[in-house]
Each structure stands twice: as C-alpha cells, then as structure tokens.
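User: Hi, I'm new to this and would like to go through the structure below with you. Let's take it one question at a time.

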Amino acid sequence: MTESYGWVPEGVDITVPDASRVYDYALGGVHNFAVDREFWHRAEKMFPDARLVARANRAFLGRAVRRLTGLGVRQFLDIGSGIPTLGNVHEVAQEADPEARVMYVDIDPIAVQQSRSLLAGNPYARVIQGDLRKPDDILYHPDVLDLFDFSEPVAVLTVAVLHFVPDSADPAGILRRLGEPLVSGSHLVISHLGPAATPAGREAQEQARRLYEKTPTPVVIRNREQIAALIGDEFELLPPGVVGSAEWHPDPDEAGDPPQPTALVAIARKRS
C-alpha cells in the first residue's frame, strides 16, 4: 500500500525517523511514515513499556495545564509541542478560559503545518517553527511578542523534549534563558526520560537508547537529581518535586495504566 504524502511540507526528509512523528505514532496519531512506525516497533520491542511512557507523559501534560489554569495562569508556551493529538494544550487551557493564550513551538515542519491547520480561526492559539536550543529566537519571535503579555505569568512547557538536548547544548542554560524574561508566578513544566528501576529494565532501556543514536535526535537519560539541577535557582521546585508521572497529583478519573517510573516530571515556579 502506497502512503499519501500530500500533507508533507517541501524539504521534509521522510527517509529517516523523526522524534515528533514517532511520538505521534506512539500516541495513536496518523501523521507519520513507515520509517517512523518501523523505528517505533523496534524501540518498543527492546523497551516494551515505551508506549505507556508516552501515554504517561501526555496524561501529565493535561494534569499540569489544568492545575496551572486553576492557579490563574493564562499563557502557555509549549516548546517541542509535536504533532497535534487528543488533549492539546489549547483545548485544556481554553476549557478553563476561552481567552487563554497558547503558543506552540516545534522544530518539525509537519508538526507546525498540522498545528496551523488545527488552530485556524482560533485567535488565542498560534504555532511557530522553532528550536529549543535557540531560546531567544522563540522568546523574541514577533508572533510570541504579539500573543503574550510578558508582564503576566507564562507557563513554559517542555514535555518529552529535554531528553533530546545533550549536555553539550547546555540544557540548564537554555532553561535559565527561557526563565529570564518571565515575571514571578510564571512556571516551568518538565517531563523527561529517567532511568528504569530494575537492572533488566535499564538494559532494555539502554538498547532503545542506542537505537535513537542512529537518528538525528539521540536520547539522554537523566535521573531525578540531574533533572532538578537543570531547573536552577530562578525557579523553585514545587511539591512533590521530581517524581514519576503517576506520583504527580494523580487524577482518579484517568485510565489506570501501570505507573511508569521512567517518565519523570516536575513543575517549578519563578521566584519573586
């Protein structure tokens, strides 16, 4: 069966797996190619809990946005937002306040194109193409400056993206730069791949990690202490700290997937 590529922007290389499209497939999306699906099946064969980790990250994202809207946050900068799927940030935030503002940012042109299509007619949600490793290009993008009021709190979302940033790219410095223009009461949301809990799990995870080394986006596994260190001094880590996603303010109404200790999450608040 031949795949239809009519929705692919010019210049996109569909011969190598892409992290955004692989994640889309893991969550049940349709904007992916055979190379992405083959890659995911290989990774899942090595690390069978991989799909549950993806689902745990997505569930945490929804809980985090709901909690922040409950705290009065009405501006969300979602970096590494990926290809739209169920429970997008603007849908969750605008359920609490129809005028909540959401800016999606992704490096993948397919994610940007699909988000732009989804957001047509929504004056309070936009998308730009951007790279987390270039925070100034995001913060000072004309669309970001037009949509956001930086005299009011902003939540910066980095969900399932920082583990694609190697230490050599200074992820702590990136987060520090993203936090500098934000006012007190702003928040930083993180989910990050952590180490498996058992020796067998760590070996399986390491096999999958080595597989990602063959892609443009190798994965870095960081433990709780390393993730907390990325947050730095400008933000105060909120309770319960860096924990497994199932431990972060669990919602009793969510589907009962088994806890995924490798899906580490945290929220921090900008200090006064």
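User: Which elements do the buried residues of H4 pack against?

Analyst: Ground rules first: this is a predicted model, where local features need pLDDT of at least 70 and side-chain atom pairs count only at pLDDT 80 or more, while totals for chains, interfaces and linings use all residues. Residues are numbered from 1 along each chain as its sequence is written, and side-chain values use heavy atoms, with hydrogens and water left out. In helix H4 (residues 89–96), the buried ones are Val89, His90, Val92, Ala93 and Gln94; buried means under 20% relative accessible area, exposed over 50%, partly exposed in between (1.4 Å probe, protein chains only). With helices (H or I, at least four residues) and strands (E, at least two) taken as DSSP runs numbered from the N terminus, and contact meaning heavy atoms within 4.5 Å, those H4 residues pack against helix H3 (50–70), strand E1 (75–79), strand E2 (101–106), helix H5 (109–119), E3 and E4.

User: At roughly what angle do the axes of H1 and H2 cross?

Analyst: Axes here are lines fitted to C-alpha atoms, for helices over the stretch in contact, and angles run from 0 to 180 degrees between N-to-C directions. The axes of H1 (residues 19–26) and H2 (residues 34–46) come within 9 Å, and they cross at roughly 70°.

User: So is H1 roughly parallel or roughly perpendicular to H2?

Analyst: The labels go by angle: under 35 degrees is roughly parallel, over 145 roughly antiparallel, 65 to 115 roughly perpendicular, and the rest oblique. The H1 and H2 axes cross at roughly 70°, which makes H1, relative to H2, roughly perpendicular.

User: Is the crossing of H1 and H2 left-handed or right-handed?

Analyst: You look at how the near helix is turned from the far one: anticlockwise by less than a right angle is left-handed, clockwise is right-handed. For H1 and H2, the crossing is right-handed.

User: How many nonpolar residues are in the contact of H1 with H2?

Analyst: On the H1 side you have Arg21, Val22, Tyr25 and Ala26, and on the H2 side Val35, Asp36, Arg37, Phe39, Trp40 and His41. Ala, Val, Leu, Ile, Met, Phe, Trp, Tyr, Cys and Pro count as nonpolar, Asp, Glu, Lys and Arg as charged, and the others, Gly among them, as polar. Sort the contact that way and you get 3 charged, 1 polar and, for nonpolar, 6.

User: How many residues apart are glutamate 247 and arginine 224?

Analyst: Their side chains meet in a salt bridge, 3.6 Å from N to O. Glutamate 247 is partly exposed at 47%, and arginine 224 is partly exposed at 33%. Glutamate 247 sits in the loop between strand E7 (243–244) and strand E8 (263–270) and arginine 224 in helix H10 (residues 224–231), so the pair links distant parts of the chain, the separation in residues being 23.

User: How many salt bridges does a search of the whole structure find?

Analyst: Another of them joins aspartate 143 and arginine 126, at 4.0 Å from N to O. Searching the whole structure gives a total of 14.

User: Which residues does arginine 63 touch?

Analyst: Arginine 63 lies in helix H3 and is buried, with 8% relative accessible area. Leaving out residues up to four places away in sequence, arginine 63 touches Ser245, Trp248, His249, Pro250, Asp251 and Glu254.

User: What is phi of histidine 249, about?

Analyst: Most residues other than glycine have a negative phi, and most peptide bonds are trans. Histidine 249 lies in the loop between E7 and E8 and is partly exposed at 30%. Although histidine 249 is not a glycine, its phi is positive, at about 45°.

User: Is the peptide bond from proline 239 to proline 240 cis or trans?

Analyst: Proline 240 lies in the loop between strand E6 (235–237) and E7. Omega for the bond from proline 239 to proline 240 is near 10°, and the bond is cis.
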